[in-house]
Amino acid sequence: MTHTQTVQLVQQQLLADNELAISDFNHALSLIGSHHIDYADIYCQRSTYESWHLEESMVKSGSFQIEQGVGIRAVSGEKTAFAYADNLNAQALIDAATAVRAIGQSAQHRTIGLNASPASKNLYSLTNPMHSLDAAAKVELLQRVETLAKAADPRIVQVMAGLVCEHELIYLARLDGRIHTDVRPLIRLSVTVIAKQGDRREQGSSGGGGRFDLNYFDDTLVQQYVDTAVAQALTNLEARPAPAGSMTVVLGNGWPGVLLHEAVGHGLEGDFNRKGTSAFAGHLGERVAAKGVTVVDQGDIAGRRGSLNIDDEGNPTQRTVLIEDGILCGYLQDETNARLMGMSTTGNGRRENYASAPMPRMTNTYMENGQMTPEEIIASVDKGLYAVNFGGGQVDITSGKFVFSASEAWWVENGKLQYPVKGATIIGSGPEVLKHVSMIGNNTSLDSGVGVCGKDGQSVPVGVGQPTLRIDSGLTVGGSQT
């Protein structure tokens, strides 16, 4: 779909269907511009969401919903006024614009001339993924997941599969006269299996997706998701209680990058650094990590879950180097924090939906490759833990301290994997951990497309990634009870 087709689709389904015209946006922005305002925008959104959940060969739950609305924001200095409405019409625009302009003092009348901005990227298919398969085919896809999982091993006694499709239409009008449109697809397939051996039951999970239609889930990819979930559950059946204490830890590649995302990535967002609440505040140009550690946020990788053609302020997404060879060299910025810090926006202004004001957020955040093979890293460990994959975790942004649970982990001794362990939690401080990275693998990969990031009550889709890493100190493993 071309940019012209995108504009036409958004204008028809978001504007014309709600009897809105560009003149309505001109009028609303002129109302705001009649006051001393540094920045303002109008963000219209129409979201369609569909989910299916299959268990015991039956669709146990499902949902379909459509929501739309408008959020209007005005910024004056460090102050932000925001108003939203869950309907789309000219009066809603006027009411919200009148409310937010009160943040600035009255000034001379200002006429806004809105013009469509050219497309900067075309990172994903713009068609509605819900229409790429009919209902029967969606159920068949979930049934295939269940059939493959149960056929993989007789110890698999329960399978749960879920399918989610989303489609968003975005129309953004700014006080500086720019108009931006985007059409955003998003899909996700998940599989969870329960394995039983004697009285013991263990779980394994996998899945993925991105900004594609449902044909992305071909036979090879579905088999890969199933194999990963089954292998994790069967491995955990053999797991012994995890040891506890300070030790060398090897982190797997891909999804374990969620630790990097939580423990380091949030601390590199502009708002925390402008306010001085991040552990990284005031340290630009200084060494904050071991040599060889390069951390990047990149929102323009085609098809990725965390990617966007434009951020939610209309700025093009990009590749932003945050830490290069251990030196802190940048922050993630939206319009407001970039202006207040005297820096350039990085295309990281994101919001959950029209009812939320944007803030600096990650897109796809990962650590770049090193020189070592994963096998060399494991072989270098005398005694320690190899955390293959992670479950949940939490972090304190101010201190950078975190706690993560490993969903699959192994005890390593004399350079070899000895046996799987369960109940391992990884405890440490993000800024400190980066300083103790001693080996960096050559196998950087992003996760399969499952990440959701929360901040200040807002959730957005993201990607995470890293290579295999050896961390010599700074981490404590909390073990399970025997």
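This briefing describes the pockets, salt bridges, cysteines and aromatic pairs of one protein structure. The model is predicted. Its largest pocket holds about 850 Å³ of space, and the count of salt bridges comes to 26. The structure holds eight aromatic pairs and zero disulfides.

**The largest pocket**

- Rolling a probe the size of a water molecule over the atoms shows where empty space is left.
- About 850 Å³ of such space lies in the largest pocket. The lining consists of 36 residues, and those closest to the centre are Ser205, Ser206, Gln232, Trp255 and Asn389.
- Several elements each supply at least two residues of this lining, among them strand S5 (156-174), strand S6 (178-197), strand S7 (200-210) and helix H5 (219-237). Strand S17 (383-395), strand S18 (401-413), strand S19 (416-422) and strand S22 (445-446) also each supply at least two.
- Sorted by class, the lining of the largest pocket comprises 19 polar, twelve nonpolar and five charged residues.

**The second largest pocket**

- The second largest pocket contains about 530 Å³ of space.
- Its lining is made up of 25 residues, and Glu166, Glu168, Glu352, Ser459 and Pro461 are nearest the centre.
- Strand S1 (39-55), strand S2 (58-76), S5, S6 and strand S24 (458-466) each contribute at least two lining residues. S1 gives the most, with five residues.
- By class, ten charged, eight nonpolar and seven polar residues form the lining of the second largest pocket.

**Salt bridges**

- Side chains of opposite charge can pair when their charged atoms come close. In this structure the count is 26 salt bridges.
- One of them joins Glu56 and Lys60, whose closest N and O atoms are 3.3 Å apart. Glu56 has a relative accessibility of 47% and therefore counts as partly exposed. Lys60, at 41%, is likewise classed as partly exposed.
- Asp176 pairs with Arg178 in another salt bridge, with 3.7 Å between the closest N and O atoms. Asp176 is partly exposed, with a relative accessible area of 45%, and Arg178 is partly exposed with 23%.
- Lys455 forms a salt bridge with Glu269, and here the closest N and O atoms are 2.9 Å apart. Because Lys455 lies in strand S23 (residues 451-455) and Glu269 in the loop between helix H6 (257-265) and helix H7 (270-274), the pair ties together parts that are 186 residues apart in sequence. Both Lys455 and Glu269 are buried.

**Cysteines**

- A disulfide is a covalent bond between the sulfur atoms of two cysteines. The structure holds zero disulfides.
- Cys44 is buried, with a relative accessible area of 1%. Cys453 also counts as buried, at 1% relative accessibility.

**Aromatic pairs**

- A pair of aromatic rings is described by the distance of the centres and the angle of the planes.
- There are eight aromatic pairs in the structure. The ring centres of Phe212 and Tyr216 are 4.1 Å apart and the planes stand at 5°, so this pair is stacked. Phe212 is partly exposed, with a relative accessible area of 26%, and Tyr216 is partly exposed with 27%.
- The rings of Phe390 and Phe404 have centres 5.6 Å apart and planes at 45°, so the pair is tilted. Phe390 belongs to strand S17 and Phe404 to strand S18, so the pair ties together parts that are 14 residues apart in sequence. Both Phe390 and Phe404 are buried.
- Ring pairs also link Phe212, Tyr216, Phe217 and Tyr225 into a cluster.

Definitions and conventions: Residues are numbered from 1 along each chain as its sequence is written. This is a predicted model: local features need pLDDT of at least 70, side-chain atom pairs count only at pLDDT 80 or more; totals for chains, interfaces and linings use all residues. Side-chain values use heavy atoms; hydrogens and water are left out. On a 1 Å grid over the protein atoms alone, a cavity is a set of points where a 1.4 Å probe fits but cannot get out, and a pocket is an open set with protein on both sides within 12 Å along at least five of seven lines; lining residues have an atom within 4 Å of a point. Grid points are joined across faces, edges and corners, and a volume is the space filled by probe spheres set on the points. Helices (H or I, at least four residues) and strands (E, at least two) are DSSP runs, numbered from the N terminus. Ala, Val, Leu, Ile, Met, Phe, Trp, Tyr, Cys and Pro count as nonpolar, Asp, Glu, Lys and Arg as charged, and the others, Gly among them, as polar. A salt bridge is a side-chain nitrogen of Lys or Arg within 4 Å of a carboxyl oxygen of Asp or Glu. Buried means under 20% relative accessible area, exposed over 50%, partly exposed in between (1.4 Å probe, protein chains only). A disulfide is a pair of cysteine sulfur atoms within 2.5 Å. Rings of Phe, Tyr and Trp (its six-membered ring) pair if their centres lie within 6.5 Å; planes under 30 degrees apart count as stacked, over 60 as edge-to-face and the rest as tilted.
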